[in-house]
Amino acid sequence: MERTRGEKTGGSCRTRTFTGLLLALALSAVVSAFLAVLVGSYPIPAAETVSILKSAVGLTGASQIDEARRLVIVDIRLSRIILSWLVGVALASAGVVYQCVLRNPLADPFTLGVSTGAAFGASVVIYGGLTGISAGLAGSNLLPASALTGALLALAAVLALSRVRGFIRRETLVLAGIAVATFLSALISLIKSLDEESVSNIVFWIMGGFQGRGWSHVLLFLPYLLAGLLVIWRYSREMDILSLGDIQARQLGVNVGRVRVMLLVGASLAASAAVAVSGVIGFVGLVVPHLVRLLQGAEHRPLLITSGLAGGLLLLWSDLAARTILPNGAELPVGVVTALLGGPFFCILLRKKSREEMQ
């Protein structure tokens with residue numbers, strides 16, 4: 001009886017923590033988005049910004065709205081803010097899945113070569129001078145479409161290489177991911193050496209950012225994100241069982257191979273689409289799940305929700321910092337900002353892990 005009461009109390013406490021964190025993150029996202037809209041090299045008063053936003057959603061008429069300022073607020077800033085938030089959601093959610101499926105606290109989209117595959121696809125387009133060609137996808141050019149294709153092909157190669165006797169094991173997944181990522185990195189280096197003029201463009205894209213992104217990129221990215229998140233959510237209950245180990249999961253009736261592949265496909269679909277529209281942005285999928293797990297526990301459905309919201313919030317503010325730190329409208333790559341934030345955390349995580357292994 002005492003144990004039952006303790007379990008109920010612990011469950012109630014976790015529920016309150018999750019609810020409070022969920023409300024805080026949701027409110028922070030709305031407030032942060034509004035504050036980010038106000039900030040830019042072209043100053044626009046807050047009252048006029050509110051009027052433009054009301055007009056954009058149909059709450060007021062557009063007769064008194066300055067078209068140039070509407071373009072800045074809605075088409076440049078708001079689209080970029082929404083895209084950065086959605087990409088953060090995708091990367092953090094994918095990080096939760098990778099860390100669970102691979103049972104590796106250091107796993108993220110880089111682990112299985114998804115990010116490297118996207119970088120290779122983009123490098124091919126940049127090297128061929130095809131970045132201005134329309135891909136027919138939401139009016140976007142060929143660059144994000146090629147990056148998405150490269151990421152998905154890299155995942156397919158990893159899954160094919162990791163299959164041993166009809167089964168996909170997490171150990172072989174990691175080894176196959178390292179092999180594919182190393183090979184593609186070598187090909188990217190080869191492309192750089194063949195065409196020195198494309199080096200700066202390739203490097204800038206690989207470092208990640210949202211400069212020049214707009215609603216067409218949101219429309220290109222959103223269907224893949226939703227599809228990936230739906231697949232993840234469908235198998236999110238099984239993630240708690242997978243974390244016990246393959247043997248225990250099979251004893252509980254889980255088809256480990258199928259569930260693992262479906263989760264990896266869903267996570268990689270969301271992550272590869274994110275990389276396709278933003279370039280390679282590291283540490284979001286690594287840092288955010290760890291921080292949220294420390295706050296609310298490791299149950300995966302709540303963890304997916306709050307990690308996604310926290311990842312979106314982190315990347316929104318990282319992008320805001322990237323476009324405001326430098327003077328005269330110059331921008332830092334967002335990947336640099338997230339690396340500066342995530343690098344120290346990564347070192348702390350490694351230190352903590354080594355101490356736990358020594359004990």
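This is a predicted model: local features need pLDDT of at least 70, side-chain atom pairs count only at pLDDT 80 or more; totals for chains, interfaces and linings use all residues.
Residues are numbered from 1 along each chain as its sequence is written, and side-chain values use heavy atoms, with hydrogens and water left out.

Reader: How many salt bridges does the count come to?
Author: Side chains of opposite charge can pair when their charged atoms come close. A salt bridge is defined as a side-chain nitrogen of Lys or Arg within 4 Å of a carboxyl oxygen of Asp or Glu. By this rule, the number of salt bridges is 6.

Reader: Which helix holds R80, the partner of D319 in a salt bridge?
Author: The side chains of D319 and R80 form a salt bridge, with N and O 2.9 Å apart. The pair links distant parts of the chain, 239 residues apart. Helices here are DSSP runs of H or I with at least four residues, numbered from the N terminus. D319 belongs to helix α13 (residues 300–324), and R80 belongs to helix α3 (residues 67–101).

Reader: How many residues apart in sequence are the parts that R80 and E331 tie together?
Author: R80 also meets E331 in a salt bridge, at 2.7 Å from N to O. R80 lies in helix α3 and E331 in the loop between α13 and α14 (334–358), so the parts tied together are separated in sequence by 251 residues.

Reader: Is R80 buried or exposed?
Author: The terms rest on relative accessible area: buried is under 20%, exposed is over 50%, and partly exposed is in between (1.4 Å probe, protein chains only). The relative accessible area of R80 is 8%. R80 is therefore buried.

Reader: What is the distance between the closest N and O atoms of R70 and D75?
Author: R70 is partly exposed, at 24% relative accessible area, and D75 is partly exposed at 25%. In the salt bridge of R70 with D75, the closest N and O atoms are separated by 3.1 Å.

Reader: How far apart in space are S162 and A176, C-alpha to C-alpha?
Author: S162 lies in helix α5 (residues 142–162) and is buried at 0% relative accessibility. Its contacts (heavy atoms within 4.5 Å) beyond four places in sequence include A176. The two residues are 14 residues apart in sequence, and their C-alpha distance is 5.7 Å.

Reader: What value is phi of F283 near?
Author: F283 is found in the loop between α11 (256–278) and α12 (284–296). F283 is a residue other than glycine with a positive phi, near 75°.

Technical notes
Helices (H or I, at least four residues) and strands (E, at least two) are DSSP runs, numbered from the N terminus.
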